[in-house]
Amino acid sequence: MKKVLIDCDPGIDDALALALAAGSADDIDLVGITTVGGNVDLEFTTANALALREFLRLGDVPVTPGSAGALLRRTVRATDVHGPTGLGDVVLPAPSRGPSEGHAVDSIVETLRAAPGEITLVAVGPLTNIALAVRREPRIVEWARDFVIMGGSYTRGNHNPAAEFNMLADPEAAAIVFEAGWTVKMFGLDVTLTAAVTSQVLDRMRPLGRLSDLLVPAAQYYGVVSAEGGPAIHDAVAVAYVLRPSLFTCVPAVVKVETAGEYTRGMTVTDFRIDASQANALVATAMDVPAFWDLVLGTYEKLSARLA
């Protein structure tokens, strides 16, 4: 059983990542969810996290809102990808309970302080909350059992040619996080784009009862699904790593985040030409895609039975 704290900006793929965590109750003890402004504004990411907590029957897992915007830069959003409220065409019941009191940064610090070496921190949105937590209490880099992110890329961008969205949304925060003294497990576009929803995947999601009300419209919203490919469920890849690291090839690297470039701001400049002792990151370079979908869909099937 792995204790996990997820920092997120739901977001379609965040919702599918939370569903994967919810369905893995035998392997993951979800100790908290923190939210950040990212794909959509903080009020929506928090409302979506609260609705997902109840829809997925996550019980009393605390949901704590955090930073509304980037440390220094103008706000960047992805409403063109995720829809104006973040979940595309998904319609969930309104949550009956509100968020926990306090701020996500304090929640991250105090949760890690209370259980040093036990909790894996998973960040699948802009890294603003994590950067502020590092600045608030640098020892969290020692207290975290592991630190896993969905973000970046060593070959390409998606929001622009150079930068992946989570990095571009707050490059200064990302730079702080990569330079904080821990090993960042980076699952970027090079791998997450291979987690594509095909028509065969969608066919396995359709019979999943109540859960299909989330999975099917989410999986189809931001791309055309075909037998050959479709939209990728990026953030679920980070949770899949926590569940089964053997699915991935990860290579030591030094990752620096560009904060000043006119055309490359947010780029994760990745140098594999180093001794492993110099690395500040383990960068995912390959994933066993069939095994990934076996894990994800099998977990969704178990979750569907619990939600019936």
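Residues are numbered from 1 along each chain as its sequence is written, and side-chain values use heavy atoms, with hydrogens and water left out. Because the model is predicted, local features need pLDDT of at least 70 and side-chain atom pairs count only at pLDDT 80 or more, while totals for chains, interfaces and linings use all residues.

**Cavity and pockets**

Rolling a probe the size of a water molecule over the atoms shows where empty space is left. On a 1 Å grid over the protein atoms alone, a cavity is a set of points where a 1.4 Å probe fits but cannot get out. A pocket is an open set with protein on both sides within 12 Å along at least five of seven lines, and lining residues have an atom within 4 Å of a point. Grid points are joined across faces, edges and corners, and a volume is the space filled by probe spheres set on the points.

By this rule there is 1 cavity of 30 Å³ or more. The lining of the largest cavity includes G37, G69, T75, R77 and D170. In the table, Ala, Val, Leu, Ile, Met, Phe, Trp, Tyr, Cys and Pro count as nonpolar, Asp, Glu, Lys and Arg as charged, and the others, Gly among them, as polar.

| Space | Volume | Lining residues by type |
|---|---|---|
| Largest cavity | about 50 Å³ | 4 nonpolar, 4 polar, 2 charged |
| Largest pocket | about 330 Å³ | 10 nonpolar, 7 polar, 6 charged |
| Second largest pocket | about 160 Å³ | 10 nonpolar, 3 polar, no charged |

The largest pocket is lined by 23 residues, and V81, H82, N158, F165 and H234 lie nearest its centre. Two or more lining residues come from each of α1 (12–22), α3 (79–82), α7 (165–169) and α12 (234–243). Helices (H or I, at least four residues) and strands (E, at least two) are DSSP runs, numbered from the N terminus. With 3 residues, α3 gives the most to this lining.

The second largest pocket has about 160 Å³ of space. Its lining has 13 residues, of which N48, A51, T85, L87 and L92 are the closest to its centre.

**Residue N48**

N48 lies in helix α2 (residues 42–55). Its relative accessible area is 9%, so N48 is buried (under 20%; exposed is over 50%, partly exposed in between; 1.4 Å probe, protein chains only). A polar atom of the N48 side chain lies 2.8 Å from the backbone oxygen of T85. Leaving aside neighbours within four places in sequence, N48 is in contact (heavy atoms within 4.5 Å) with P10, G11, T85, G86 and L87.

**Aromatic pairs**

Rings of Phe, Tyr and Trp (its six-membered ring) pair if their centres lie within 6.5 Å; planes under 30 degrees apart count as stacked, over 60 as edge-to-face and the rest as tilted. The structure holds 6 aromatic pairs. The ring centres of F147 and W182 are 4.2 Å apart and the planes are at 20°, so this pair is stacked. F147 is in strand β5 (residues 146–150) and W182 in the loop between α8 (171–178) and β6 (184–187), so the pair ties together parts 35 residues apart in sequence. Both F147 and W182 are buried.

The rings of F187 and F248 have centres 5.1 Å apart and planes at 80°, so the pair is edge-to-face. This pair links strand β6, which holds F187, to strand β7 (residues 248–257), which holds F248, 61 residues apart. F187 and F248 are buried. Ring pairs also join F187, Y241 and F248 into a cluster.

How values were computed:
A polar contact is a pair of N or O atoms within 3.5 Å; within protein, one must be able to donate a hydrogen and the other to accept it, and residues adjacent in sequence count only if both atoms are side-chain atoms.
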